[in-house]
2 protein chains.
Amino acid sequence: MASYTFEDFTPGRRFEFEKRTMTADAIIAFAREFDPQPMHLDEAAGRASILGGLAASGWHTSAVMMRMLYEAYINGSTSEGSPGVDLMEWKRPVLAGDTLGGHCAVLEARVSRSRPEIGIVRLRAEVTNQRDEVVAVCEYINMMRLAATGAGHAHD
Amino acid sequence: MASYTFEDFTPGRRFEFEKRTMTADAIIAFAREFDPQPMHLDEAAGRASILGGLAASGWHTSAVMMRMLYEAYINGSTSEGSPGVDLMEWKRPVLAGDTLGGHCAVLEARVSRSRPEIGIVRLRAEVTNQRDEVVAVCEYINMMRLAATGAGHAHD
């Protein structure tokens, strides 16, 4: 298992996602708890909707993306979490049976001025399906501790 | 049950959220599936983190917000879903036992030029805890069908 620190997050660096298949059962279980709209609960209702089939809630796709980020680089890293997301786009339906993958890439990385032991990393995640179509995009901040607190490198 | 159409979404209109308590069991179940970082799985690890206790994944708070939006106005409405989120901020930790509430408010609403039977509504949701502190903010688009397709009102 890799153990990443702030220093590993150089602009352009990519982390690949493991593939995950969205089962009908998982789509329905998430929807029952968090987003019980008919097209997320029922195949016929999904087919009758603009989504074209039993479709995952956008928030389900986002949660699965979170799991893929965890497996790609967060697990064992010095991550201190995220204050939020600048952008979350659900670009195409995610239907039962779709297999998701994709990657995230570092957009920028700088050391916090107020907390010089912490780096502020901005990343862009792209979630794709089995046809390599982008189904979701997210740009977000990840706070990461430095491996060693260097002096004189504060940029913010 | 209210049944809202695009015409109901006038700027400034608010929809209140039902209150929901975040149990330790629900926080841990979500984290096991989607975000298995120690502070989301274990009380002691949470207390040792900057979050100060067993803390919900930000994506869990967002999913619960989705459920509150569903109950507040989406259920039975002419919603056609969302292309995404402009902003999702997790402003304060959500800890086991916290009771969430809040509201969403309409920021703007206009009829689609390319699909005049559809309105584009931008909303801002604020999720609060039992101390009325804002724990999460989300600004997002909701597409809503018009009750009747009017002519000559396309603004986009």
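Q: Where in chain B does B:Asp132 lie?
A: In this predicted model, B:Asp132 lies in the loop between E5 and E6 of chain B.

Q: Okay, and is B:Asp132 buried or exposed there?
A: B:Asp132 is exposed, because its relative accessible area is 65% and exposed means over 50%.

Q: What's its phi like?
A: Phi of B:Asp132 is near 65°, which is a positive value in a residue other than glycine. The hairpin of E5(B) and E6(B) that holds B:Asp132 has five residues between its strands.

Q: What about A:Asp132, where is that one found?
A: A:Asp132 is in chain A, in the loop between strand E5 (118-128) and strand E6 (134-145). Its phi is also positive, near 65°, and A:Asp132 is exposed with a relative accessible area of 64%.

Q: Let's go to the strands, then. How many bridges join E5 to E6 in chain B?
A: Eleven bridges join strand E5 (residues 118-128) to E6(B), and the two run antiparallel.

Q: Which other strand of chain B pairs with E6(B)?
A: Strand E3 (residues 84-90) of chain B does, in the antiparallel sense, over five bridges.

Q: Which residues stand opposite B:Cys138?
A: On the E3 side, B:Met88 stands opposite B:Cys138. On the E5 side, B:Ala125 stands opposite B:Cys138.

Q: How many residues of E6(B) are buried?
A: Eleven of its twelve residues are buried, so strand E6 (residues 134-145) of chain B is mostly covered.

Q: Can we zoom in on a residue? What does B:Val137 touch?
A: B:Val137 is in strand E6 of chain B. Leaving out residues up to four places away in sequence, B:Val137 touches B:Leu87, B:Met88, B:Glu89, B:Lys91, B:Arg124, B:Ala125 and B:Glu126.

Q: Why does B:Val137 count as buried?
A: Because its relative accessible area is 2%, and buried means under 20%.

Q: How far is B:Val137 from B:Arg92?
A: The two are 45 residues apart in sequence and 10 Å apart in space, C-alpha to C-alpha.

Q: New topic: the whole chain. How many helices and strands does chain A have?
A: Chain A has four helices and six strands. Along the sequence the pattern is β-β-α-α-α-α-β-β-β-β.

Q: How much of chain A counts as buried?
A: Of its 156 residues, 52% count as buried. Its C-alpha atoms fill a box of roughly 60 × 25 × 20 Å along the principal axes.

Q: How many residues are in contact between the two chains?
A: 30 residues of chain B are in contact with 30 residues of chain A. The area buried between them is about 2600 Å², and carbon and sulfur atoms give 63% of that.

Q: How many salt bridges does the rule find across the interface?
A: Zero, going by the rule used.

Q: Last one: which residues have the most contacts inside the largest nonpolar core?
A: A:Trp59, A:Tyr73, B:Trp59 and B:Tyr73, in a core of 82 residues. B:Trp59 reaches across to chain A: among the residues it touches are A:Trp59, A:Met65, A:Met88 and A:Cys138.

Conventions. Residues numbered from 1 in each chain as written. Chains lettered and ligands numbered in written order. Predicted model: local features only at pLDDT ≥ 70, side-chain atom pairs only at ≥ 80, totals over all residues. Heavy atoms only, no water. Core = buried A, V, L, I, M, F, W, Y, C linked by side-chain atoms within 4.5 Å. Buried < 20%, exposed > 50% of the residue type's maximum accessible area, 1.4 Å probe, protein only. Contact = heavy atoms within 4.5 Å. Pairing = 2+ DSSP bridges. Buried area = accessible area lost by both parts, 1.4 Å probe. Salt bridge = Lys/Arg side-chain N within 4 Å of Asp/Glu carboxyl O.
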